[in-house]
Amino acid sequence: MKEFIEKVQNQIPVKNFLLAKGKMPKKSSSSYIHLKPRLFHPPELPDKSLSMVDYRMVSPFVMVKKDEILGRIIEEAMGEEGINVFGERIVPGQKDIKQLEAGENTQQEEGVVKAKISGRFVLDKNRFSVSDTLIIEGNVDYATGHISFAGDVIIHGEIKDGFRVAAGGGVYCKKTLDASELLCRKDLIIEGGIKGRNTGLVRVQGKVETRFIENCHVESQQGISVKSSILDSEIYTLGELLLGEKKGTIIGGVCYAEKGITTENIGSSRSSHTLIYCGISYMNMRQLKHREKRLDVLNKKMDQLRALPPSEDHEQLIEKAKKAKEILQQGIGNYLVEQYTDFSAEIMVKGTAYPGTEITICDRHLTITEAIANKVFYYDNPSLSVAFRDI
């Protein structure tokens, strides 16, 4: 210090000389939850200059998976006093930390907070939770991107053409579904109708309820209920296909309903070609066709091997192909029988079945050549044919 004073008195510049030293106080903090930064913000939009970006893939929602760590619990920390350059004490303050409360579908264990379910992360003021229901207030469009959610999805607007929805639960839509691709593990309920533009795919493990279906491929494992009409569509269900009274009409396309059909009309006076199948499991039928295609490919490969010059390797390959062919043929034989599941399935037509309608129940077939009204079509065992009786 004496050296410093002498230099100052003699007007000699002084650099990097420690005059006094204090100690910064360390603020205290109470216990709090520190969440992952990604949970506070949805994914960022890609650079708009990238012309190849598919903006339908961008979602504004923050999704989490079951058992994912959402944040860590930071324990309480005591503060420490500081000292200023005059040697005076500085009392430590308290850190201003936003206190967050863990809510529904979260659990705390071993210093972390985890998600109990897969779902949407929700932050509401000072409380966070994981929701098993995703509510879309408007349309499914570029504002939402494609929807992929582990729970139920409720859509107040429309599902616009070109957008996909996949739900681990059910889907409820208040307006029209302009279907490109919709998959759900539970029920699909549409207050409007389903339009597919001939390329739409709807696949549901539960039941389907809707006002109408047009130009779409719809599958349901538990049954389909349509208030008005089905037009030029492919319908597949392991349950019943039920259409509404007075307006219920199937025109064109193909319908597979394992447990039967109830409708007002089938076809139209314009002779629309309409195919109806009952008593048949479309899943078993699909497996049968898949194996038949594989058998056809295998037969072609065997023909190619036989056309090659004889050799030990070729003979071994042919023998392996023969064994594979036997297994395929056995499976085909089983599915030929198993695809016919319900010989008691009936088709109730309360109005008219028009010419151009073809009805198949299990392995029997009937072509409607003139209008038939108020009949129930069924599998007649004595005659081994599709017969009909009055309602």
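Two strands are taken as paired if DSSP finds at least two bridges between them. Helices (H or I, at least four residues) and strands (E, at least two) are DSSP runs, numbered from the N terminus. By these terms, 4 strands form an open sheet of mixed pairing in the order β2-β9-β10-β6. The model is predicted: local features need pLDDT of at least 70, side-chain atom pairs count only at pLDDT 80 or more, and totals for chains, interfaces and linings use all residues. Residues are numbered from 1 along each chain as its sequence is written, and side-chain values use heavy atoms, with hydrogens and water left out.

**The mixed sheet**

- In the order β2-β9-β10-β6, the edge places go to β2 (63-64) and β6 (101-102), each with a single partner strand, so one side of each is left without a neighbour in the sheet.
- Strands β9 (residues 119-124) and β10 (residues 127-131) run antiparallel and are joined by 5 bridges.
- L123 has F128 in β10 as its bridge partner.

**The antiparallel sheet**

- Another open sheet has 4 strands in the order β1-β3-β8-β7, and its pairing is antiparallel.
- β1 (32-35) and β7 (106-109) stand at its edges; each has a single partner strand, so one side of each lacks a neighbour in the sheet.
- From one strand to the next the twist averages 30 degrees, where axes are lines fitted to C-alpha atoms (for helices, over the stretch in contact) and angles run from 0 to 180 degrees between N-to-C directions.
- β1 and β3 (residues 69-74) run antiparallel, with 4 bridges between them.
- Y32 stands opposite I74 in β3.

- Strand β17 (residues 181-184) has L182 and C184 on a covered face, and E181 and L183 on an uncovered one.
- In a regular strand the side chains alternate between the two faces of the sheet.
- β17 pairs with β14 (residues 164-167) in the parallel sense over 4 bridges, and A166 stands opposite L183.
- β17 also runs parallel to β19 (residues 194-204), to which 4 bridges join it.
- In that pairing E181 stands opposite L201 of β19.

- Helix α3 (residues 312-338) has 27 residues, which at 1.5 Å a residue should span 39 Å; its end C-alpha atoms are 39 Å apart, which agrees.
- The expected span is 1.5 Å times one less than the number of residues in the helix.
- The buried residues of α3 are H314, I318, A321, L328, G331, I332 and Y335, where buried means under 20% relative accessible area, exposed over 50%, and partly exposed in between (1.4 Å probe, protein chains only).
- These buried residues of α3 pack against α2.

**Residue Y282**

- Y282 lies in helix α2 (residues 282-307) and is buried, with a relative accessible area of 1%.
- Leaving aside neighbours within four places in sequence, Y282 is in contact (heavy atoms within 4.5 Å) with E219, S220, Q221, Y236, T237, L238 and Y256.
- Y282 and E219 are 63 residues apart in sequence and 9.4 Å apart in space, C-alpha to C-alpha.

**Residue T352**

- T352 has its place in strand β31 (residues 347-353) and counts as buried at 16% relative accessibility.
- Apart from neighbours within four places in sequence, T352 is in contact with E264, N265, I266, A371, I372 and A373.
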